[in-house]
Amino acid sequence: MKRRIFLKNTLATGAAVIAANAGLLTPTTVLASWNKEAFTAKSTDGAITSVFGTNSAATSGDIQLKAPAIAENGAVTPVTVDASSMTGVESIAILASKNPVPLVCTYAFSGAAVGYASTRIKMGETMNVIAVVKAGGKLYKAEQEVKVTIGGCGG
Amino acid sequence: MSIKIRMRGKSKGGVAEVKALIKHPMESGVRMNKKTGKPFPALFIDTVTITVNGAAAIDSQWSGAVSSNPYMAIKVNANAGDTIALALTDNSGASGTQEITLK
């Protein structure tokens, strides 16, 4: 049995299969394990539920979601989510509604962090970019359509 | 194998914007290899953490849908002279770290 556990831990190095395993391997960093369920969910609602526990998010004008109206190259779509005007921002998730796996990235904030995230994402076709912000225990979202003229996922 | 990261940060009025460029293929696992008809295996950065003076600030998780050679920008409450450290790992176990002192 011991040997089994050891093997499992060794294999978990990259995949971070279970939080406990990841904890054993990297005791110096306080890392939440990679949310496999959320990053394999095929629907936006499913992904949001896996990340935040619920998918009932109110549309909020306080979230500034910056994304191009037309992306010439879907493989590099700049997306900026600015929720710094909101108080008590705990986390931000960015989703692309029609991607094979909609959830693109999540950011959890603590300490000195400001509720702001900017990144570049891949989009296979014209779809909505959704930003979900958890602030003060409640979920808020903002959506914007991005027209993609060249596919991003097909290479 | 360590992942190369370029990082820059500047503090203005107590809020610092930190930008990072990471060299990584970010293979989603969906893209097809036309020669073999099979998809390229997924290889992407899955966790990124940022600390300010050693204290955890941002814990980020990514999927393969983040663009290759990812760019990220974040903001933290920090002043000039503070140390910002970025640590990341990909799903193959490769990792990279970078540390800067804010200007």
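Reader: How many helices and strands are there in chain A?
Author: This is a predicted model. From the N terminus on, the elements of chain A run α-α-α-β-β-β-β-β-β-β-β-β. That makes three helices and nine strands.

Reader: What share of the residues of chain A count as buried?
Author: Chain A has 155 residues. Among its contacts between residues at least 6 apart in sequence, 60% join residues at least 24 apart. The share of residues that count as buried is 41%.

Reader: What is the average pLDDT of chain A?
Author: In chain A, 75% of the residues score at least 70. The average pLDDT is 80.

Reader: Over which residues of chain A does pLDDT stay under 50?
Author: The model has 29 contacts beyond four places in sequence for this stretch. Where pLDDT is low, the predicted coordinates should not be read in detail. The stretch is residues 13–31 of chain A.

Reader: Which residues are buried in helix H3 of chain A, and do they line one face or several?
Author: The buried residues in H3(A) are Thr44(A), Ala47(A), Ile48(A), Val51(A) and Phe52(A). Seen down the axis of H3(A), they fall within an arc of 105 degrees. So the buried residues of H3(A) line one face.

Reader: Which strands do the buried residues of H3(A) pack against?
Author: Helix H3(A) covers residues 44–52. Gly53(A) follows the helix, with a positive phi near 90 degrees. The buried residues pack against four strands of chain A: S5 (89–96), S6, S8 (127–135) and S9 (138–148).

Reader: Which residues touch the most other members of the largest nonpolar core?
Author: In soluble globular proteins, nonpolar side chains tend to be buried together. The largest nonpolar core here has 68 residues. One of its members, Ile94(A), is in contact with Val79(A), Val81(A), Val104(A), Cys105(A), Ile121(A) and Ala131(A), leaving aside neighbours within four places in sequence. The residues that touch the most other members are Ile94(A), Val132(A) and Val76(B).

Reader: How many helices and strands has chain B?
Author: The elements of chain B run β-β-β-β-β-β-β-β-β from the N terminus on. Its C-alpha atoms fill a box of roughly 55 × 20 × 20 Å along the principal axes. The count is zero helices and nine strands.

Reader: What share of the residues of chain B count as buried?
Author: Chain B has 103 residues. Of its contacts with a separation of 6 or more, 54% are between residues 24 or more positions apart. The share of residues that count as buried is 41%.

Reader: Which strand gives the most to the side of chain B that touches chain A?
Author: The contact takes 33 residues from chain B and 38 residues from chain A. On the side of chain B, S5, S6 and S7 (71–77) each supply at least two residues. That side divides into 18 nonpolar, 11 polar and four charged residues. With eight residues, the strand that gives the most is S6(B).

Reader: Which residue of S6(B) is the bridge partner of Cys105(A)?
Author: Strand S6 of chain A covers residues 103–109. Five bridges join this strand to S6(B), and the two run antiparallel. The partner of Cys105(A) is Trp62(B).

Reader: Which residues form the covered face of S2(B)?
Author: In a regular strand the side chains alternate between the two faces of the sheet. The uncovered face of S2(B) has Val15(B), Glu17(B), Lys19(B) and Leu21(B). The covered face has Ala16(B), Val18(B), Ala20(B) and Ile22(B).

Reader: Which residue in S7(B) stands opposite Ala20(B)?
Author: S2(B) and S7(B) run antiparallel. Seven bridges join them. Opposite Ala20(B) stands Met72(B).

Reader: Is Met26(B) buried or exposed?
Author: Met26(B) lies in the loop between S2 (15–22) and S3 (32–33) of chain B. Its phi is positive, near 50 degrees. A residue is buried if 20 or more other C-beta atoms lie within 10 Å of its own. Because Met26(B) has 22 such neighbours, it counts as buried.

Terms used: Residues are numbered from 1 along each chain as its sequence is written. Chains are lettered from A and ligands numbered from 1 in the order in which they are written. A residue is buried if 20 or more other C-beta atoms lie within 10 Å of its own, exposed if 12 or fewer, and partly exposed in between; C-beta atoms are placed from the backbone. Two residues are in contact if their C-beta atoms, placed from the backbone, lie within 7 Å. A nonpolar core is a set of buried Ala, Val, Leu, Ile, Met, Phe, Trp, Tyr and Cys residues joined through C-beta atoms within 7 Å. Ala, Val, Leu, Ile, Met, Phe, Trp, Tyr, Cys and Pro count as nonpolar, Asp, Glu, Lys and Arg as charged, and the others, Gly among them, as polar. Two strands pair if DSSP finds at least two bridges between them. pLDDT is the predictor's confidence in each residue, from 0 to 100. The arc is that of the directions from the helix axis to the C-beta atoms.
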